[in-house]
Amino acid sequence: MKKFSYLLMLMMALTACNDQPKNEEIADNTKTEKPEPAIISEYGFILNDYEVVRDTIRNGDSFGVILGTHGVKPNKIFEIVNKVRDTLNPRRIVVGKPYVILKGRDSAQTPKAFIYENDLVNYTVVDLRDSISAYTAKKPVTITKK
């Protein structure tokens, strides 16, 4: 009878050990989910959707050179210039002014928009997505009194 009791206790102990979660199961239960990245919206675009290139107009830069550096073909640059010249005169871009290029997140990283900051508030967007267009807009301004 003693042997039977020991055997029964041994079987219960083995069964209890098998009920314990394995290390992998424990690790799965303690995984923490990464929070979603904050949505960054600027210039009327959700920047999270694009590869964002921020730069400044340098001496010797031109609208065509900048776009060409980012993979836009010369014939496409000519087409863009002709369509947007009333809104953004490429000859009037000024050294020292910031600009932003939004590129697709695909392997080609095709430019989707060129944003030229005219001053601290006003900017011009050259939308290169489906049909080429350009428009001016203003950044939101908050005035605080002390």
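Colleague: How do the residues of the lining of the largest pocket divide into nonpolar, polar and charged?

Modeller: In this predicted model, the lining has 5 nonpolar, 3 polar and 4 charged residues. Lys-73, Lys-76, Lys-112 and Arg-129 belong to the lining, and Lys and Arg count as charged. Gly-71 is another lining residue, and Gly counts as polar.

Colleague: Which elements supply at least two residues of that lining?

Modeller: They are α4 (74-84) and β5 (111-117). Among the lining residues are Lys-76 and Ile-80, as well as Pro-111 and Lys-112. The space in this pocket comes to about 160 Å³.

Colleague: Ile-80 is in that list. Which residues have the most contacts inside the largest nonpolar core?

Modeller: Ile-80 is one of them, along with Phe-63, Leu-67, Phe-114 and Val-126, in a core of 18 residues. Two or more residues come from each of α3 (63-69), α4, β4 and β5. The largest share is that of α4, with 4 residues.

Colleague: Why is Tyr-43 called buried?

Modeller: The relative accessible area of Tyr-43 is 5%. The cut-off for buried is under 20%, so Tyr-43 counts as buried. Tyr-43 lies in the loop between β1 (41-42) and β2 (45-46). Tyr-43 also has a positive phi, about 60 degrees, although it is not a glycine.

Colleague: Is Gln-109 buried, exposed or partly exposed, and how do you know?

Modeller: Gln-109 has 32% relative accessibility. Buried needs under 20% and exposed needs over 50%, so Gln-109 falls in between and is called partly exposed. Gln-109 sits in the loop between β4 and β5, with a positive phi of about 45 degrees, although it is not a glycine.

Colleague: What is the order of the strands in the open sheet?

Modeller: The 5 strands run β3-β4-β5-β6-β7, and their pairing is antiparallel. On average, neighbouring strands are turned by 20 degrees against each other, direction ignored.

Colleague: Why do β3 and β7 stand at the edges?

Modeller: Each of β3 (51-56) and β7 (133-138) has a single partner strand, so one side of each lacks a neighbour in the sheet.

Colleague: How do you know that β3 and β4 pair?

Modeller: Two strands pair if there are at least two bridges between them. β3 and β4 (residues 98-103) have 6 bridges, so they count as paired. Glu-51, for example, has Lys-103 in β4 as its bridge partner.

Colleague: What joins β6 to β7?

Modeller: A hairpin does, through 5 residues. Strand β6 (residues 122-127) and β7 are also joined by 6 bridges and run antiparallel, with Asp-127 opposite Ser-133 in β7.

Terms used
Residues numbered from 1 in each chain as written. Predicted model: local features only at pLDDT ≥ 70, side-chain atom pairs only at ≥ 80, totals over all residues. Heavy atoms only, no water. Axes fitted to C-alpha atoms, helices over the stretch in contact; angles between N-to-C directions. 1 Å grid on protein atoms, 1.4 Å probe; cavity = no way out; pocket = protein on both sides within 12 Å on 5 of 7 lines; lining within 4 Å. Points joined across faces, edges and corners; volume = space filled by probe spheres on them. Core = buried A, V, L, I, M, F, W, Y, C linked by side-chain atoms within 4.5 Å. Buried < 20%, exposed > 50% of the residue type's maximum accessible area, 1.4 Å probe, protein only.
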